[in-house]
Amino acid sequence: MESPAVVSKRSVQTYLVALGLMVMGLALTALCAAAWMQGVEPRWSVILFGLLGIHMVLLGIDEGWLSGLEVTPTHLRIRSFGRWEEHPLPRVEAVDGLRDLLGGGLQLVLIAAEGQAIRVPLRRYANAGPLAQALLDALWLHNKDLILMPRLARRLGRPPFGVFATKKPRR
């Protein structure tokens, strides 16, 4: 039997940001190509801004179509540029929540036993709250002494939330 999973869903805002990045990147690349053809000096600056434009296009493609997140009771899977990276949840000891600079959404930082920090950007997903609750539930299942930083506990509450673990009755 396959374990249940909570999968990310992109919001309309994510697609708009992605399209905006792609349009700005294409415009910058086109301007740099025109500047190159006209012989604008210094050439290194034209190349630098052309590469920046290409990078913006690639970021837009990743933001809109190649990124994803999947939370299961045992693993966190993060997809970036179409490649999945899997992180086992039993190794995580602490969780913090930061405000993401791009878009102002929530970014979770998971601190593993080896001191490795895993960043989980939630800003691009329409179901960011349920994803965060599912992740905290799965972490709590493996570590009842999970360290939850106070600002994250104030924002989301303390697990279990009832996604993977049975919800605690309120007193």
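This is a predicted model: local features need pLDDT of at least 70, side-chain atom pairs count only at pLDDT 80 or more; totals for chains, interfaces and linings use all residues.

Residues are numbered from 1 along each chain as its sequence is written, and side-chain values use heavy atoms, with hydrogens and water left out.

First, the chain as a whole. It contains four helices and eight strands; helices (H or I, at least four residues) and strands (E, at least two) are DSSP runs numbered from the N terminus. Their order from that terminus is β-α-α-β-β-β-β-β-β-α-β-α. Along the principal axes, the C-alpha atoms fill a box of roughly 70 × 35 × 30 Å. The radius of gyration is 20 Å, whereas a compact globule of 171 residues would have one near 16 Å; the radius is taken over C-alpha atoms, and the globule rule is 2.2 Å times the number of residues to the power 0.38. Of the 171 residues, 43% are buried, that is, under 20% relative accessible area with a 1.4 Å probe, protein chains only.

Next, the sheet. In what order do the strands of the open sheet lie? The order of its four strands is S7-S6-S5-S8, and the pairing is mixed. At the edges are S7 (117-121) and S8, each of which pairs on one side only. Two strands pair if DSSP finds at least two bridges between them. S5 (residues 92-99) runs antiparallel to S6 (residues 106-112), with seven bridges joining them; here aspartate 96 stands opposite valine 109 of S6. With S8 (residues 147-148), S5 pairs in the parallel sense over two bridges, and alanine 94 has isoleucine 147 in S8 as its bridge partner. Helix H3 (residues 128-142) lies across S5, S6, S7 and S8, at about 15 degrees to S6; axes are lines fitted to C-alpha atoms, for helices over the stretch in contact, and angles run from 0 to 180 degrees between N-to-C directions.

Finally, a single position. Is threonine 14 buried or exposed? Threonine 14 counts as buried because its relative accessibility is 4%. This residue belongs to helix H1 (residues 12-38). Apart from neighbours within four places in sequence, threonine 14 is in contact (heavy atoms within 4.5 Å) with Glu63, Gly64, Arg124 and Tyr125.

Key: Buried means under 20% relative accessible area, exposed over 50%, partly exposed in between (1.4 Å probe, protein chains only).
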